[in-house]
Amino acid sequence: MYKDIFESIRNEAEKRNMRERTIQLYCSDVSYFLRWIGKNVSDLTLEDAESFLTDKRLEGRSPETHNHYRSAIKFLYKKVLKTVWDDDISRTNMTIHVRETKGRIDRYTILSQKNLDLLIEYWYD
């Protein structure tokens with residue numbers, strides 16, 4: 001069903017001279033993610049990835065396993081789907097992702113334009 005996606009992952013990974021085992025793991029992790037989400041690839045959103053990753057962490061997956069999932073999904077979004085991957089700050093939604101807040105839960109909070117401007121100034125100065 002997702003044969004084209006796995007071929008694209010392989011092609012993009014080979015361009016970057018990634019190891020065969022890494023390519024296999026990426027395909028396996030992306031396959032698991034796609035089955036879990038149950039959507040067409042063209043309908044995927046960043047929120048889908050965040051929901052999956054949050055669910056896996058809440059299930060008690062090890063940090064290593066969580067990082068494997070995250071790396072594979074990020075590769076899918078950035079290199080195959082050509083989607084902008086906002087790690088912790090979304091300028092589009094004016095939100096910021098705060099990891100492991102009270103209760104070890106990841107949360108999104110509102111990002112004001114003033115704070116975004118300050119962050120941009122900090123990054124690029």
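User: Helices (H or I, at least four residues) and strands (E, at least two) are DSSP runs, numbered from the N terminus. Which residue takes a positive phi just after α2?
Analyst: This is a predicted model, in which local features need pLDDT of at least 70 and side-chain atom pairs count only at pLDDT 80 or more, while totals for chains, interfaces and linings use all residues. Residues are numbered from 1 along each chain as its sequence is written, and side-chain values use heavy atoms, with hydrogens and water left out. A positive phi of about 70° comes just after α2, and the residue that takes it is Gly 38.

User: How far apart are the end C-alpha atoms of α2?
Analyst: The expected span of a helix is 1.5 Å times one less than its number of residues. Because α2 has 18 residues, it should span 26 Å at 1.5 Å a residue. The distance between its end C-alpha atoms agrees with this: 26 Å.

User: What covers the buried residues of α2?
Analyst: Buried means under 20% relative accessible area, exposed over 50%, and partly exposed in between (1.4 Å probe, protein chains only). By that rule the buried residues of α2 are Ile 23, Tyr 26, Cys 27, Asp 29, Val 30, Ser 31, Phe 33, Leu 34 and Ile 37. Their cover includes α1, α3 and α4.

User: Which elements do the buried residues of α3 pack against?
Analyst: Helix α3 covers residues 46–58, and its 13 residues reach 18 Å from first C-alpha to last, close to the 18 Å expected. Its buried residues are Asp 48, Ala 49, Glu 50, Phe 52, Leu 53 and Lys 56. With contact taken as heavy atoms within 4.5 Å, these buried residues pack against α2 (20–37), α4 (63–80), β2 (95–98) and β3 (107–110).

User: Which residue with a positive phi follows α3?
Analyst: The helix ends at residue 58. The phi in question is near 95°, and the residue is Gly 60.

User: Is Tyr 2 buried or exposed?
Analyst: Tyr 2 lies in the segment before α1 (3–15). Leaving out residues up to four places away in sequence, Tyr 2 touches Leu 34, Lys 39 and Val 41. The C-alpha atoms of Tyr 2 and Val 41 are 8.3 Å apart, although 39 residues separate them along the chain. Because its relative accessibility is 14%, Tyr 2 counts as buried.

User: How is the pair of rings of Phe 33 and Phe 52 classed?
Analyst: Rings of Phe, Tyr and Trp (its six-membered ring) pair if their centres lie within 6.5 Å; planes under 30 degrees apart count as stacked, over 60 as edge-to-face and the rest as tilted. A search of the whole structure finds 7 aromatic pairs. The centres of Phe 33 and Phe 52 are 5.3 Å apart and their planes stand at 75°, so the pair is edge-to-face.

User: Is Trp 36 buried or partly exposed?
Analyst: Trp 36 and Phe 52 form an edge-to-face pair, 5.3 Å centre to centre with 75° between the planes. This pair links distant parts of the chain, since Trp 36 is in helix α2 and Phe 52 in helix α3, 16 residues apart. With a relative accessible area of 35%, Trp 36 is partly exposed.

User: Which residues make up the uncovered face of β2?
Analyst: Thr 95 and His 97 form the covered face of β2. Thr 95 is the bridge partner of Ser 90, while His 97 has Tyr 108 of β3 as its partner. The uncovered face consists of Ile 96 and Val 98.

Conventions
Pairing = 2+ DSSP bridges.
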